[in-house]
Amino acid sequence: MTKIQSTRPRLRLPVIPYKLGIIKQRFDIATERSFDVQAGPLMDFPKGRTKGHTYTVPLEWIEYMQKLMTPEAWSWWKRPYMLMVNRRHKYDDLDPSDLDECQFENIMLPCNFIAIDQMTSTHGRVVGRMNTHDTRRLNPKKNNWFYEPYLFWKASMHNNEGLVRNVGLGFDVYTPVIRQRPEQWALLADIEFFPILPFAVEYEGRTEEVTGYCLLGASVLGHTATRDIPLRLCTKPREVIHPTIWHLDTLPVIPGKML
């Protein structure tokens, strides 16, 4: 994991031009296991609370995600009934006679960052890519969870006390934020939004105005006129550091290791 050198002027991460938040944990599903995967619903339209339609994940996206994970993590990601995939499909390596395309559940994953570009009084439209997006235009070294954590969510497991761990045998499993229909909407009540910009913050003896947010893995930085100030540092398991008064209540996912 790359260490954030927040005091170096040359570190200027891109400011995310959307309303940002973190997906809250859910505790309304009783589990028989000590840890279980949790997920919330995404809707096709800005109404209701139920999950929208499933959508097709083409082979091109499956092959792209293979570049971002270890073989074990990638195998877990595309297996049916584990998280996103709701049925058998022809790429699952379980039965060569399967003819169905891979279908994803229309869900969002807790403890991940989420970007919203439009809101109603109850729902927010999720920023993501279409499942028909040309993955050849993506660079695995740049277009991944570490540099675009609002466009690639990380899978995690939770217990009823809210502790977070990786899925499977500690796998770093990522999934793209993609959709098939024109839009995906999330309930605003399921999101802890970042504080409204701009605001003043004191760091290292200086008070500066934060005018934008930058993301790096599970960490949040504030963009000022001269530098990027760390607002939330999460670079290793169970590390949650808020160097200023800026704060998020929702726990982060376990920071991943980039290949």
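## Salt bridges around Glu204

The side chains of Glu204 and Arg227 meet in a salt bridge, at 2.8 Å from N to O, where a salt bridge means a side-chain nitrogen of Lys or Arg within 4 Å of a carboxyl oxygen of Asp or Glu. Glu204 lies in the loop between β17 (199-203) and β18 (206-210) and Arg227 in the loop between β20 and β21, so the pair ties together parts that are 23 residues apart in sequence. Strands are DSSP runs (E, at least two residues), numbered from the N terminus. Arg227 is buried at 4% relative accessibility, whereas Glu204 is partly exposed at 46%; buried means under 20% relative accessible area, exposed over 50%, and partly exposed in between (1.4 Å probe, protein chains only). Glu204, Arg206, Glu208 and Arg227 are linked in a network of salt bridges.

## Basis of the model

This is a predicted model, in which local features need pLDDT of at least 70 and side-chain atom pairs count only at pLDDT 80 or more, while totals for chains, interfaces and linings use all residues. Residues are numbered from 1 along each chain as its sequence is written, and side-chain values use heavy atoms, with hydrogens and water left out.

## The sheet and Asp228

An open sheet of 3 strands runs in the order β19-β20-β21 with antiparallel pairing, and its edge strands are β19 (212-216) and β21 (228-232); two strands pair if DSSP finds at least two bridges between them.

Arg12 forms a salt bridge with Asp228, with the closest N and O atoms 3.3 Å apart. This pair links the segment before β1 (19-23) to strand β21, 216 residues apart.

Definitions and conventions
Helix = DSSP H or I, 4+ residues; strand = E, 2+ residues; numbered from the N terminus.
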